[in-house]
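Biologist: I would like to learn how to read a structure like this one. Please take me through a few features.

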Amino acid sequence: TGKSPIFCWGDIIYYPAGTELPEHLIVHESEHCEQQKEAGGPEVWWAQYLDDPGFRLSQEVTAYRAQYQFIKAHDSRQVRRQMLKFFATDLSSPMYGNLVSHDEAIKLIENV
């Protein structure tokens, strides 16, 4: 897809592309940083994230919700709609294991 991966380990956000990350992506990854702390550390969190599709989905939904709330607070209605569709496309993609449909992803991110 040409996308550069973004991930966190503990309280460090890794972005190999090296360009500046938009704030909404920092919000998303910061949510994962907190999740890793709550799980008992990045090793524990990553093991469960990779092995348990339900856990992976719950962690991503929480992070995408936080990201979407940031967008809602800072951008126009048109941008919000575009970003929600983009987030739902990612959440429903093979990147996360095709765990939900696009429509389900929208509902989960919007928390409806």
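Biologist: Which residues does Leu91 touch, not counting residues up to four places away in sequence?

Modeller: Contact means heavy atoms within 4.5 Å. By that rule Leu91 touches Leu57, Glu60, Val61, Tyr64, Tyr96, Val100, Ala105 and Ile109. This is a predicted model, where local features need pLDDT of at least 70, side-chain atom pairs count only at pLDDT 80 or more, and totals for chains, interfaces and linings use all residues. Residues are numbered from 1 along each chain as its sequence is written, and side-chain values use heavy atoms, with hydrogens and water left out.

Biologist: How many residues does the largest nonpolar core have?

Modeller: A nonpolar core is a set of buried Ala, Val, Leu, Ile, Met, Phe, Trp, Tyr and Cys residues joined through side-chain atoms within 4.5 Å. Buried means under 20% relative accessible area, exposed over 50%, partly exposed in between (1.4 Å probe, protein chains only). Here the largest core has 18 residues, and Tyr64, Phe87, Leu91 and Ile109 have the most contacts inside it. The largest share, six residues, comes from H3. Helices are DSSP runs of H or I, at least four residues, numbered from the N terminus.

Biologist: Where is the salt bridge of Glu34?

Modeller: A salt bridge is a side-chain nitrogen of Lys or Arg within 4 Å of a carboxyl oxygen of Asp or Glu. The whole structure has one. Glu34 pairs with Lys37, with the closest N and O atoms 3.3 Å apart. Both lie in helix H1, three residues apart. Glu34 is partly exposed at 37% relative accessibility, and Lys37 is exposed at 55%.

How values were computed
Helices (H or I, at least four residues) and strands (E, at least two) are DSSP runs, numbered from the N terminus.
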